[in-house]
Amino acid sequence: LDLSTRKLPPSCASPSSCFSHTSKCSMAGQQKSVTVCVTGAAGQIAYSLIPLLLDGRTFGPDVGVHLRMLDIPPAVNVMKGVVMEIEDVGFPLLLSASTYTDAEEAFNGVDVVAMLGAFPRKAGMQRKDLLEKNCGIFAVQGKALDKVAKKSVKIVVVGNPANTNCLILQKNAPSIPKENFSALTRLDHNRAIGQIAAKVGAKPQQVANVCIFGNHSRTQYPYVDVALIRDGEKANPVRGAVGDDEWLDNEFVSTIQERGAAVIQARGLSSALSAAMSISDHLRDWVMGTKPGEFVSMAVTSDGSYGVAEGLIFSFPVKCEDGKWEIIPNLPLTDKGRERMNTTEQELVEERDTAMEILDAK
């Protein structure tokens with residue numbers, strides 16, 4: 001499918017400011033465009049994500065999308081089937097859709113990469129075994145990005161262990177700025193919002209300034225101490241609205257930490273629809289900016305904020321503007337909160353050290 005000559009409806013106002021290097025708006029109807037690569041493109045998350053990349057939700061209602069799908073050779077026919085479905089839907093913003101099995105070809109000149117593909121953890125596998133498999137995958141893909149991607153490329157790693165896979169990718173793409181790499185914790189963030197909204201009888205859109213600290217794992221720390229429930233002009237603290245610190249400090253935290261496993265137990269498959277929505281949310285806010293006065297969760301390179309070891313890919317509260325993220329500093333932490341931060345940081349340090357040991361041995 002190649003629709004690269006299609007002209008979009010004329011408009012000279014786009015909410016997206018970070019694709020300004022692409023073709024400019026004109027009265028002839030030429031529009032901004034973004035080239036997006038999805039890895040693991042034959043999988044269930046990609047199947048839910050692709051429509052969100054093509055319908056204006058993620059990059060803006062007048063930004064055309066060149067979609068590239070990357071997966072392993074046995075998945076070629078599945079990807080071809082997805083392209084057929086994309087063609088049948090007729091997304092107005094779609095400029096082209098193509099499939100690849102070679103990372104260098106898929107990443108050449110891309111603006112955004114959603115890295116869904118990773119080696120899945122299997123029964124009996126230890127963490128080191130999983131990291132060894134993924135070190136091989138993400139080292140190769142990192143080198144490919146370093147060689148052919150734009151230096152302004154935005155990358156979100158989803159395949160687990162996402163934080164450390166992101167670090168491996170970053171180490172193998174030294175010419176790309178570190179701030180262009182991120183890992184997904186927006187799924188955990190959205191889960192936390194959903195649990196709070198259900199508890200108080202609010203809409204999820206009313207809940208703001210929840211965040212996830214740390215690893216996308218069972219050690220993550222869902223933080224709500226400055227979170228708010230918005231009600232028109234009013235904003236009430238979540239702790240006051242919930243009125244149950246015991247629940248917030250214990251059951252709520254464990255529910256978010258274990259939510260992925262609960263979904264697998266219930267449906268026999270990992271989260272796909274919610275994961276796809278959270279990837280779209282992550283990219284949308286990174287590209288178009290967070291709401292004024294609000295922050296979200298992104299796993300990004302630690303600059304030492306909150307005492308976290310520099311260089312770790314660690315989830316922080318961030319605000320986004322003009323295509324850049326900024327860590328929100330100095331949110332208050334209780335002793336228990338600090339303990340949870342230390343636990344998740346230690347896990348990430350151990351993962352980092354294991355991954356670097358594997359990379360050094362190759």
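**Pockets, salt bridges and cores**

Author: The largest pocket here has a volume of about 1,600 Å³. This is a predicted model, in which local features need pLDDT of at least 70 and side-chain atom pairs count only at pLDDT 80 or more, while totals for chains, interfaces and linings use all residues. Residues are numbered from 1 along each chain as its sequence is written, and side-chain values use heavy atoms, with hydrogens and water left out.

Reader: What makes a space a pocket rather than a cavity?

Author: Both are found on a 1 Å grid over the protein atoms alone. A cavity is a set of points where a 1.4 Å probe fits but cannot get out, whereas a pocket is an open set with protein on both sides within 12 Å along at least five of seven lines. Grid points are joined across faces, edges and corners, and the volume is the space filled by probe spheres set on the points.

Reader: Which residues lie nearest the centre of the largest pocket?

Author: They are P120, R121, V158, G159 and N160, out of 50 lining residues; to count as lining, a residue needs an atom within 4 Å of a point. Helix α8 (245–267) gives the largest share, six residues. Helices here are DSSP runs of H or I with at least four residues, strands are runs of E with at least two, and both are numbered from the N terminus.

Reader: How is that lining divided by class?

Author: The lining of the largest pocket has 22 nonpolar, 18 polar and 10 charged residues. Ala, Val, Leu, Ile, Met, Phe, Trp, Tyr, Cys and Pro count as nonpolar, Asp, Glu, Lys and Arg as charged, and the others, Gly among them, as polar.

Reader: How much space lies in the second largest pocket?

Author: About 500 Å³. It is lined by 21 residues, and R186, N190, I193, Q205 and R284 are the closest to its centre. Helix α6 gives the largest share of this lining, five residues. By class, the lining divides into seven nonpolar, seven polar and seven charged residues.

Reader: Why is the contact between D281 and R57 called a salt bridge?

Author: A salt bridge needs a side-chain nitrogen of Lys or Arg within 4 Å of a carboxyl oxygen of Asp or Glu. D281 and R57 have a N to O distance of 2.7 Å, so the pair meets the cut-off of 4 Å. D281 sits in helix α9 and R57 in the loop between α1 and β2, 224 residues apart.

Reader: What do we find for the pair D285 and R186?

Author: Their side chains meet in a salt bridge at 2.8 Å, N to O. The pair links helix α9, where D285 lies, with helix α6, where R186 lies, 99 residues apart. D285 has 8% relative accessibility and counts as buried, and R186, with 6%, is buried too. R57, R186, D281, R284 and D285 are linked in a network of salt bridges.

Reader: Why is it said that E258 and R218 tie parts of the chain together?

Author: These two form a salt bridge, with the closest N and O atoms 3.3 Å apart. E258 lies in helix α8 and R218 in the loop between β8 and β9, so the bridge ties together parts that are 40 residues apart in sequence. R218 has a relative accessible area of 53%, so R218 is exposed. E258, at 35%, counts as partly exposed.

Reader: What makes a group of residues a nonpolar core?

Author: They must be buried Ala, Val, Leu, Ile, Met, Phe, Trp, Tyr or Cys residues joined through side-chain atoms within 4.5 Å. The largest such core has 59 residues, and F59, L67 and I279 have the most contacts inside it. Helix α1 supplies the largest share of this core, seven residues.

Definitions and conventions
Buried < 20%, exposed > 50% of the residue type's maximum accessible area, 1.4 Å probe, protein only.
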